Amino acid sequence: MTLPDPTCILRGALIRAMSGDVPVETLKIGDLVQSAISGEFRPIRWIGRRALSGSSLNTEQLRKVHLPVRIVRGAFGPALPERDLHISPGHAIILGDHGVSARLLMNGTSIAQVEAMASIEYFHIELDTHDSVFANGLSIETYLESDNRHAYDNAAEYEALYPGDDPRVQKPCVQIDIPLALLELIRSKLDERAARLQAVEMA
C-alpha cells in the first residue's frame, strides 16, 4: 500500500495553546489550541505522528516528498514566523482565503527544503473541523481528514478512540486551489521579502 504524502509539523514547532506557545510534541488530546481564523480556543481531537529515518529517504523522490521545508524567521513579514519553522512540503500555510502548500512557495532562500536530516519526527493536529493554528506565529492548517489517516504511524489510535468514525471526510476551511496569478504574486512578494532579509544579514 502506498502511503499518502504527509502534511505535518516538525518536532520543536511552538503551537499557540491556552497555556501559551508550547512545543507541538508536548500537546495532548483535549488541549486547547487557538484558531488562527476565528481566534477561539478549540480542543484537539487527535494528534497524528510519523517518524522517519533520514537514511530511508534513499531516492530523490522520497527526499522531495518527506524532507521538511524550512521557513526562515520573518519570511512572510516581521515575526512571520517568529522563529524558523519546519513543516512538510505538502503542509498548507494559510494566506488570506487560501491554503498554499509549502512546496509551492519554495524560493531556495527564505523558504527552502533541507538537504538532509538524520531523523524526522512529524506531528499533525486535528480538531473537530479543518482549521488553522499558529506555529511559531505563522498560520498553518490543521489536519484535514480525506481518508488519509493511514499516512501516520498511530492511525490505529484514532479508531480505538472513536470506533466507527473513520473516515470522516472534512470540508477545507479555506480554498485549496489557488489561482496561478495570485500564487505568482505571492511568490514575487516572498522573493522581495527574502532579498530584504538577505540584505540586512549582509549589512
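A pocket, as the word is used in these legends, is an open set of grid points where a 1.4 Å probe fits, with protein on both sides within 12 Å along at least five of seven lines, and its volume is the space filled by probe spheres set on the points. The structure shown in each view is a predicted model.

**View A. The largest pocket and the residues around its centre.** About 330 Å³ of space lies in this largest pocket. Its lining is made up of 18 residues, and those that lie nearest the centre are Thr 7, Gly 90, Ser 101, Glu 141 and Leu 144. Two strands, S9 (92-95) and S10 (98-101), each contribute at least two residues to the lining of the largest pocket. Sorted by class, the residues that line the largest pocket are nine polar, six nonpolar and three charged.

**View B. The second largest pocket and the contribution of helix H3.** The space in the second largest pocket comes to about 180 Å³. Helix H3 (residues 180-202) provides the largest share of its lining, namely five residues. Among the residues that line the second largest pocket are Ala 194, Leu 197, Gln 198, Val 200 and Glu 201, together with Arg 70, Val 72, Arg 73, Asp 84, Thr 109 and Ser 110. By class, this lining holds four charged, four nonpolar and three polar residues.

View C. The peptide bond that runs from Leu 80 to Pro 81 is cis, its omega being near 0°, and Pro 81 belongs to the loop that lies between strand S7 (69-71) and strand S8 (85-87). Ala 79 is also placed in the loop between S7 and S8, and its phi is near 60°, which is a positive value in a residue other than glycine. The relative accessible area of Ala 79 is 34%, so the residue counts as partly exposed, a class that covers values between 20% and 50%.

View D. Asn 136 is located in the loop between strand S13 (132-135) and strand S14 (138-141). Phi of Asn 136 is near 50°, a positive value for a residue other than glycine. Asn 136 has a relative accessible area of 2% and is therefore buried, since that class takes in values under 20%.

Methods
Residues are numbered from 1 along each chain as its sequence is written. This is a predicted model: local features need pLDDT of at least 70, side-chain atom pairs count only at pLDDT 80 or more; totals for chains, interfaces and linings use all residues. Side-chain values use heavy atoms; hydrogens and water are left out. On a 1 Å grid over the protein atoms alone, a cavity is a set of points where a 1.4 Å probe fits but cannot get out, and a pocket is an open set with protein on both sides within 12 Å along at least five of seven lines; lining residues have an atom within 4 Å of a point. Helices (H or I, at least four residues) and strands (E, at least two) are DSSP runs, numbered from the N terminus. Ala, Val, Leu, Ile, Met, Phe, Trp, Tyr, Cys and Pro count as nonpolar, Asp, Glu, Lys and Arg as charged, and the others, Gly among them, as polar. Buried means under 20% relative accessible area, exposed over 50%, partly exposed in between (1.4 Å probe, protein chains only).
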